[in-house]
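Trainee: I would like to go through this structure and test each label against its definition. Could we take it step by step?

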Amino acid sequence: MHVFNLFCSVGEDGQVKIWSRSGMLRSTLVQTGTPVYSVAWSPDSDHILHTSGKQLVIKPLQAAAKPVQWKGHDGIVLKVDWNPINNLIISGGEDCKYKVWDSYGRVLYSSMLHEYPITSISWAPDGELFAVGSFNTLRLCDKTGWSYTLEKPNTGSIFNIAWSSDGTQLAGACGNGQVIFAHVIERRLEWKNFEVTVTDRKSIVVRDVTNDVKESLDFRDRIIKTSLAFNHLVVATTSQCYIYSVRNWNTPMIFDLKNGNITLIVQTEKHFLLVDDAGLQVYSYEGRLTCVPKYQGLRTDILNEQTCTLSNDTLAIKDRKDEKVIHLFEAQSGKPVGSGQPIQHSLEVMEIALSQCGPTSDRQLAVIDKNRDLYLTPIKHIGPAERLVKLG
């Protein structure tokens with residue numbers, strides 16, 4: 001596993017080693033008497049999660065800090081993964097189970113007994129789904145552990161799973177020497193009386209549940225992301241963005257994308273936000289680029305609907321480095337709101353959301369912090385008069 005300028009290796013010698021990008025050994029972080037089969041970086045890259053027999057261990061990179069360790073499985077743990085967006089851990093072992101954990105080692109989900117050991121497990125980049133591999137078995141689950149689909153390919157054990165960066169497809173390394181490729185389909189969205197289903201890599205079916213009328217939408221390229229809200233369907237493919245009004249499914253607005261790796265679409269009544277590797281762009285539903293908000297240290301790869309929120313006039317983003325900070329931008333210009341000072345909360349922020357109704361003067365930001373307390377603050381008072389009011 002790698003992170004920017006470091007990577008980590010583990011092996012049957014029981015050692016966990018940190019290396020520089022050029023292959024220089026930086027440190028031997030762990031020396032155990034048991035083989036270490038899998039490792040994952042924490043979202044903040046300050047900790048390493050590794051296996052140790054039946055145990056899972058979170059080891060800080062600081063030499064003096066104490067590791068956190070807990071029994072993960074009744075058999076040897078073979079694979080772990082840690083998602084940077086939802087901060088959840090998944091593990092699979094020789095006890096033929098896979099499990100979902102929080103970052104404190106509390107189990108959130110434990111699967112039923114499978115026929116064979118779990119040989120691979122891997123998060124999709126956005127943290128909404130994960131894949132589980134076993135002997136002649138490939139399973140797709142959501143982040144709560146619930147299983148969506150089960151495939152039985154004739155592959156032998158699937159030893160490793162890698163997702164594409166857009167989370168639409170995966171590859172698996174199989175025991176019979178082959179590589180298996182799989183595509184995620186049947187993703188479904190709902191808005192009022194409309195149901196949108198991605199039926200194929202390049203096809204969408206729209207159904208109006210009031211009269212059961214169906215429309216089929218076909219695309220030139222592979223579908224990456226879809227979003228349905230505020231009477232508009234926004235579809236990003238590997239090369240273009242399509243904007244449909246629910247009143248007209250025949251003639252979408254289409255514009256070309258510079259970067260085909262769209263990771264997030266956030267809609268509001270008047271416009272929508274596209275997030276890709278290069279940054280953030282706000283577009284009108286006519287396909288016109290409205291603004292390109294920026295700030296120092298912006299990392300788009302970890303933004304999701306809990307940490308990035310849009311209204312008709314304001315965009316709010318949780319800071320990645322300092323999780324107590326929320327940046328605010330004007331949605332029309334991309335400039336910082338008011339004096340340019342971000343909101344500073346007393347605790348780490350977990351989720352944010354902007355109110356969607358009423359004029360700009362009434363705009364409110366809701367914040368849920370690490371204690372799961374809910375706060376409200378009006379956007380127009382940002383500055384000396386700023387106040388976060390605790391609701392519950």
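Mentor: Gladly, and let us start with a side-chain pair: the side chain of E351 makes a polar contact with the side chain of R372, at 3.5 Å. Before we go on, this is a predicted model, in which local features need pLDDT of at least 70 and side-chain atom pairs count only at pLDDT 80 or more, while totals for chains, interfaces and linings use all residues. Residues are numbered from 1 along each chain as its sequence is written, and side-chain values use heavy atoms, with hydrogens and water left out.

Trainee: What makes the pair of E351 and R372 a polar contact?

Mentor: A polar contact is a pair of N or O atoms within 3.5 Å; within protein, one must be able to donate a hydrogen and the other to accept it, and residues adjacent in sequence count only if both atoms are side-chain atoms. The E351 and R372 side chains are at 3.5 Å, and the pair is listed as a polar contact.

Trainee: Why is E351 called partly exposed?

Mentor: Buried means under 20% relative accessible area, exposed over 50%, and partly exposed in between, with a 1.4 Å probe and protein chains only. E351 has 28% relative accessibility, so E351 counts as partly exposed.

Trainee: Where does E351 sit, and which residues does E351 contact?

Mentor: E351 is in strand β36, residues 349-354. Strands (E, at least two residues) and helices (H or I, at least four) are DSSP runs, numbered from the N terminus. With neighbours within four places in sequence set aside, E351 contacts Q306, A366, V367, I368 and R372, where contact means heavy atoms within 4.5 Å.

Trainee: Is Q240 buried or exposed?

Mentor: Q240 has 12% relative accessibility, so Q240 counts as buried. Q240 belongs to strand β26, residues 240-245. The Q240 side chain makes polar contacts with the side chains of Y242, at 2.9 Å, and D256, at 3.2 Å. Beyond four places in sequence, the contacts of Q240 include R220, V235 and I254.

Trainee: How do you know that F194 and W249 are edge-to-face?

Mentor: Rings of Phe, Tyr and Trp (its six-membered ring) pair if their centres lie within 6.5 Å; planes under 30 degrees apart count as stacked, over 60 as edge-to-face and the rest as tilted. The whole structure holds 15 aromatic pairs. For F194 and W249 the centres are 5.7 Å apart and the planes 65° apart, which is edge-to-face. F194 lies in strand β21 (194-200) and W249 in strand β27 (248-256), so the pair ties together parts 55 residues apart in sequence. Both residues are buried, and ring pairs link F194, F219, Y242, Y244 and W249 into a cluster.

Trainee: What makes a set of residues a nonpolar core?

Mentor: Such a core is a set of buried Ala, Val, Leu, Ile, Met, Phe, Trp, Tyr and Cys residues joined through side-chain atoms within 4.5 Å. The largest one has 17 residues, and I204, L217, F219, L233, V235, Y244 and W249 touch the most other members. The elements that give two or more residues to this core are β21, β22 (203-208), β24 (223-229), β25 (232-237) and β26. Apart from this core lies another, of 15 residues, among them L264, V282, C291 and Y295.

Trainee: Why are β20 and β23 called edge strands?

Mentor: Two strands pair if DSSP finds at least two bridges between them. An open sheet of 4 strands runs in the order β20-β21-β22-β23, with antiparallel pairing. β20 (187-191) and β23 (213-218) each have a single partner strand, so one side of each is left without a neighbour in the sheet.

Trainee: How do you know that β21 and β22 pair?

Mentor: They are joined by 6 bridges and run antiparallel, against the required at least two. D200 has S203 in β22 as its bridge partner.

Trainee: What makes β2 and β3 a pair as well?

Mentor: β2 (6-10) and β3 (15-20) share 5 bridges in the antiparallel sense, and L6 has S20 as its bridge partner in β3. Their hairpin has 4 residues between the strands, and G14 takes a positive phi near 80°. β3 also pairs with β4 (25-31), antiparallel and over 5 bridges, with I18 opposite S27 in β4.
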